Amino acid sequence: MLRLPVAVRAIALAALLACEGGASGAAAGDAARRTTPLSARWKFVQDDALTAAAVATDGTGWQSVALPHTWNQVDAASTAQTGPDSKPYKRGRGWYRLEFERNTAPANAWLQFDGASIVADVWLNGSYLGRHRGAFTAFRFDVTGKLAAGRNVLLVKVDNSTPLHGDDPTAVAPLGGDFNMAGGLYRGVSLIETPARAHLALGDHGAGGVYADTITLSPARARLRVRADVEDDRTQRTGLTLRAALVDTAGRTVAAARRTVPAAAHARAELTLDVARPHVWQGVDDPYLYRLRVDLVDDAGRLLDRVEQPFGIRQYRFDAQAGLFLNGRPLRLHGVNLHQDWQDKAWAIGPREIDASLALVREMGANAVRLAHYPHAAHAYDEADRLGLVVWSELPFVERSLTPADCKAGAPIPPAFLDNLDEQLREMVRQQYNHPGIAMWSIANEVAMGGTCRGADTVTPVLRRLHALAKQEDPGRPTTLADFNEDYPIVGPMFPVLPTGGITDIWAVNRYHLWYYPGGGAAFGAALDRFHAKYPAQPLGVSEYGAGAALSHQTDNPLGGLVGSMDMHGRTRVVWQPEGYASHVHEQIYAALARRDYLWGTFVWSMFDFGSGTRHEGDIGGTNTKGLVTFDRATRKDPFWFYKANWSSAPVTYITGRRYTERAYRTTDVRVYSNAATVHLLLNGRAIGTRAAADCPQRTCVFAHVTLDEGTNRLEARGMHGGATVVDTVQWTLAPDNARNVYLAAGQIATGLVSASGHRYGSDNFFTGGQGTPLELDSPYGPRFGVRVANVADARDAALWAAVRHGTFGYRIPLPDGRYRVRLGFLEPDREAQPGARRFRVDAGGTTRIADLDIVAAAGAPATAIERAFDVEVTDGSLRLDFVPAAGEAVLSNLAIERL
Ligand code: GCB
């Protein structure tokens, strides 16, 4: 008994070698079930014009490929695209052809596809097996009697065209989404054989035929209910028995039961397993997994089939006031969202990539994952169980229930689309049912976004239908969804108000304050409190929040200007996404979330950058940059360390801003994420300061106003973690020009602009009051700054005129005492402005130095640069400048303060 799983594995390997090696896959030993991967030696062609005539081809000239495979490996967001000009990725048809040998025709054989994107048609030896619609779930075909002894030809047409019309009039979910839908056989294909036509269900929506639940649980005893579905196509239905056993990690059978199977083509038997002193699956603290084994034996005692899976005994309980409980213990979910892609591989990933991704999730200290926005590979759920990660599993019902074209044409939601949603939901629930990590079924993401057509709600009835189906399939797990716009701050035709609260058992909201939405942590917190009050019985979570971060974008002050992204109307605008701004967002938002005990969990959007072909942002094209880790998994961005310091028990001491190496300002704040008892900061070997844990709210230690040295600055943070000391160092340089002088681009969030005369400008900094604003929000994404200034010819200098600080504002600029020339750059940003509409004065150290400035009058026209200069004496280590309006707002484009 003990050795059987190992034996089964060995036999599967032997079969794999036989089949993949081209030799016959003769039945080995008496293993009940043999699974043979069919991953090598495929032929592939991407050809939109090829029709079913392909059935007759021999694949000559097709490319040799191995699974997993997609034709969008490189075009769907990768290093192949540099810069912001991302290209759309290829959507069309691919054909896959495999020749393989069997030397006997098996008694019972099924072909299993772990996933094919998006619609797959399958032929075996020229005969059509059928179609599967949906990119994310497994499916099978019964090939008994169709599989030949000798050579077999398997042909698969996979289609990821958009929209999925043409020869497939059926709409397939999802109809929208901010992610790429890579095409191909991007997961595994295998052949399943069993010795008889009686077996555990293989024809049940790709599921395993075994459904197990923890019915009651106490420290003394757990009762498990195991339901097994048997398919029996034998001509003579002689007696069948099911045996279920729960085996612990030491190989001991801790509970067993057996039951006779009713004689029928489709039969279900229910068994009860009572486990004394159960060892529960307690999330990341103790992800204990038994093995659940279900055997089907005939009346001669012959083993006909076996399904064996890891099984965790556990119970979740969601409470609207107190959050989540796992096995009676409170568990706040510290979660992250994940897509299933990887740079230069797109969706063609395997266990190695999944394990590497989830290892990073665990390294950061997260205890939950939302596998967005669709079912991921089975291995992802297995690995999450093994690591103890609680899982949000999701149906790909994203953004809309009706294509814009159908809406325009006045068409109703195609019934086939509803059927497809139902089918994908059924497949997801049945295939993933036994995973202890899965705590909820999400039926939708942001469907309120496209939730109305001509003013009519096209989404709520669909949500109700899916909720009901999910409850029918699995009464034990709560349903949820990720809301888009209940209480959306900006409402318009594109974003109708469509409340989605109150439909599912539990609920969660996607909100992007400090990114797409106005307001920070306080606004976010207030919105959550309103939802909590409005739906007091519905446990509430946060399914998404986050901010983009490009490694090549840095800032001196995250509040200096506006970050870029798509604007509220879906247009892409100038895109600055400094890493330091993302840190700021996570610090602010997480503070508001962490304070709210009623939340059952929160999920960062997202753990990794991911492919989204329509986006024009970040370091490489076609990616969404909100990952805490880069698309290639190589770089942990600064906010990763914020969460790690807050969530992980591993010692963390990390200096932020390490990629901002060429510094613009001599004086800077140094931020250290650390969970140490004490953090010491040293600069070029000199002690700068010490912070105790109590001085570092949210594990964020700030050393304000550190003065850098000219040249090389080696900063060292020493975290004293009890016995362990963690030393983190960064190296920054300060050029002599920047050590002596200050060059500041007002209203800009991005640092590092270098003027035509070679001065490095920092982003807006040292200000009090006012607001930094780029001048042309709607400018195209390249060149980086869209403003055209009449009298500035050099593009490098144009950048310094592309934003303003405006309002009533001032600057307190740290400077060594001495005499300086101050040069201030102004332009009138309002192209319609008339002389007299804007007038203000500039004071330095309390003395008016520029009186009654009227830029339009002085420049002769708006959008025309002028400069004003004066000399000052700094005597107390700081220069104070004040911009005081008399009419309209004061504005400033840039400033230079140069030592005389
Ligand atoms: C969302 C969506 C997610 C997007 C994300 C974003 O609300 O659910 O799919 O990728 O926002 O980054 O805009």
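Predicted model: local features only at pLDDT ≥ 70, side-chain atom pairs only at ≥ 80, totals over all residues.
Residue numbers start from 1 along each chain as its sequence is written.

Let's start at the ligand. Around it sit Asp 178, His 373, Asn 445, Glu 446, Asn 510, Glu 544, Trp 605, Asn 624 and Lys 626; a residue gets into this shell if its C-beta atom, placed from the backbone, lies within 6 Å of the molecule. Sorted by class, that gives four charged, four polar and one nonpolar residue. The classes work like this: Ala, Val, Leu, Ile, Met, Phe, Trp, Tyr, Cys and Pro are nonpolar, Asp, Glu, Lys and Arg are charged, and the others, Gly among them, are polar.

Next come the helices. Helix and strand labels are DSSP runs numbered from the N terminus, with helices (H or I) of at least four residues and strands (E) of at least two. H5 covers residues 415–432, so 18 residues, and spans 26 Å from its first C-alpha to its last, close to the expected 26 Å (the expected span is 1.5 Å times one less than the number of residues). Its buried residues are Phe 417, Asn 420, Leu 421, Gln 424, Leu 425, Glu 427, Met 428, Val 429, Arg 430, Gln 431 and Gln 432. Buried here means 20 or more other C-beta atoms within 10 Å of the residue's own, exposed means 12 or fewer, and partly exposed is in between, with C-beta atoms placed from the backbone. What lies over those buried positions includes strands E7 (127–133), E26 (390–394) and E28 (438–450), along with helices H3 (378–387) and H6 (460–473).

For a helix pair, look at H8 (residues 579–594) and H9 (residues 638–647), whose axes are 8 Å apart and meet at an angle of about 30°. That angle makes H8 roughly parallel to H9, since angles under 35 degrees count as roughly parallel, over 145 as roughly antiparallel, 65 to 115 as roughly perpendicular and the rest as oblique. H8 brings Glu 579, Gly 580, Ala 582, Ser 583, His 586 and Glu 587 to the contact, and H9 brings Asp 638, Pro 639 and Phe 642. Contact means C-beta atoms, placed from the backbone, within 7 Å of each other.

Most residues other than glycine have a negative phi, and most peptide bonds are trans. Against that, the bond joining Leu 67 and Pro 68 is cis, with omega about 0°, and Pro 68 falls in the loop between strand E3 (63–65) and strand E4 (93–102). Another cis bond runs from Ala 173 to Pro 174, with omega near 5°; Pro 174 is in the loop between E9 (150–159) and E10 (189–194). On the phi side, Arg 41 has a positive value near 65° and belongs to the loop between E1 (34–37) and E2 (42–46). Arg 41 is partly exposed, as 14 other C-beta atoms lie within 10 Å. Asp 852 has a positive phi near 50°, but its place is in strand E52 (residues 847–853), and it counts as exposed because it has 11 C-beta neighbours inside 10 Å.

Finally, a few single residues. Leu 389, in the loop between H3 and E26, is buried because 25 C-beta neighbours lie inside 10 Å. Beyond four places in sequence, Leu 389 touches Val 284, Leu 358, Val 361, Asn 367, Ala 368, Val 369, Ala 384 and Gly 437. Its C-alpha is 8.9 Å from that of Gly 335, 54 residues apart in sequence. Asp 843 in strand E51 (residues 839–844) is partly exposed, with 16 other C-beta atoms within 10 Å. Setting aside residues up to four places away in sequence, Asp 843 touches Thr 848, Arg 849, Asp 882 and Val 884.

Conventions. Contact = placed C-beta atoms within 7 Å. Axes fitted to C-alpha atoms, helices over the stretch in contact; angles between N-to-C directions.
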